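This report describes a protein chain through its strands, its core and its side-chain contacts. The sequence and model are shown first.

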Amino acid sequence: QVQLVESGGGLVQPGGSLTLSCQASGTIFSRYTMGWYRQAPGKQRELVARIGSSGITTNYADAVKGRFTISRDNAKNLVILQMNSLQLEDTAVYYCNAIYGNGATALGWGQGTQVTVSS
């Protein structure tokens with residue numbers, strides 16, 4: 001079974017950058033589409049970026065398009081979310097997960113990593 005550990009969050013000023021990492025255990029990681037999600041206080045968890053199993057196909061939520069970049073290294077079981085031009089609205093706990101073809105998440109949620117954008 002694949003387990004997920006997110007890291008890289010922190011406190012950053014508006015306009016700043018952060019790089020989040022998702023380390024997955026297990027040998028079947030490379031078969032999954034992977035996604036980064038976030039949940040802000042009082043809001044539902046939302047998908048912000050996803051990447052196909054080969055790393056070629058990526059999709060982004062409109063709110064982060066042009067600012068966030070998702071990538072993966074299947075040899076290292078790693079998924080990265082590079083976040084630039086951070087805005088106050090990006091404040092949330094960020095999670096990664098594997099995604100089935102129907103859009104459902106495939107794994108249990110990790111602990112997430114807190115991103116706080118504040119001046």
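Which residues do ring pairs link into a cluster? Tyr37, Tyr95 and Trp109 are joined in this way.

The model is predicted, so local features are reported only at pLDDT of at least 70 and side-chain atom pairs only at pLDDT 80 or more, whereas totals for chains, interfaces and linings use all residues. Residues are numbered from 1 along each chain as its sequence is written, and side-chain values use heavy atoms, with hydrogens and water left out.

**The aromatic cluster**

Rings of Phe, Tyr and Trp (its six-membered ring) are taken to pair if their centres lie within 6.5 Å; planes under 30 degrees apart count as stacked, over 60 as edge-to-face and the rest as tilted. Two aromatic pairs are present in the structure. In the pair of Tyr37 and Trp109, the geometry is edge-to-face, with 5.1 Å centre to centre and 85° between the planes. This pair links distant parts of the chain, since Tyr37 belongs to strand β4 and Trp109 to the loop between β9 and β10, 72 residues apart. The rings of Tyr95 and Trp109 are also edge-to-face, because their planes stand at 70°, with the centres 5.7 Å apart. Tyr95 lies in strand β9 and Trp109 in the loop between β9 and β10, so this pair ties together parts that are 14 residues apart in sequence.

Accessibility is classed as buried (under 20% relative accessible area), exposed (over 50%) or partly exposed (in between), with a 1.4 Å probe and protein chains only. Tyr37 is buried at 8% relative accessible area, and Tyr95 is buried at 12%. Trp109, at 33%, counts as partly exposed.

A charge is said to sit over a ring if NZ of Lys or CZ of Arg is within 6 Å of the ring centre and within 35 degrees of the ring normal. The charged end of Arg45 meets this condition for Tyr95, 4.5 Å from the ring centre, and for Trp109, 3.8 Å from the ring centre.

**Strand pairing**

Helices (H or I, at least four residues) and strands (E, at least two) are DSSP runs, numbered from the N terminus. Two strands pair if DSSP finds at least two bridges between them. Strands of a sheet pair through backbone hydrogen bonds, either parallel or antiparallel.

| Strands | Sense | Bridges |
|---|---|---|
| β3 and β8 | antiparallel | six bridges |
| β7 and β8 | antiparallel | six bridges |
| β4 and β9 | antiparallel | seven bridges |
| β4 and β5 | antiparallel | five bridges |

The hairpin of β7 and β8 has four residues between the strands, and Asn77 in its turn has a positive phi of about 55°. The covered face of β7 carries Phe68, Ile70 and Arg72, while Thr69, Ser71 and Asp73 make up the uncovered face.

Strand β4 is largely enclosed by the rest of the structure, because five of its seven residues are buried. Tyr37 stands opposite Tyr95 in β9, and Met34 stands opposite Ile51 in β5. The hairpin of β4 and β5 has six residues between the strands, with Gly42 in the turn at a positive phi of about 75°.

**Core and disulfide**

A nonpolar core is a set of buried Ala, Val, Leu, Ile, Met, Phe, Trp, Tyr and Cys residues joined through side-chain atoms within 4.5 Å. The largest such core has 30 residues, of which Leu4, Met34, Trp36, Leu81, Met83 and Tyr94 touch the most other members. At least two residues of this core come from each of β3 (18–24), β4 (33–39), β5 (46–51), β7 (68–73), β8 (78–83), β9 (92–99) and β10 (113–117).

A disulfide is counted when a pair of cysteine sulfur atoms lies within 2.5 Å, and by this rule there is one disulfide. Cys22 and Cys96 form this link, with their sulfur atoms 1.9 Å apart. The link of Cys22 and Cys96 is right-handed, with 60° about the S-S bond. It links distant parts of the chain, from Cys22 in strand β3 to Cys96 in strand β9, 74 residues apart. Cys22 and Cys96 are both buried.
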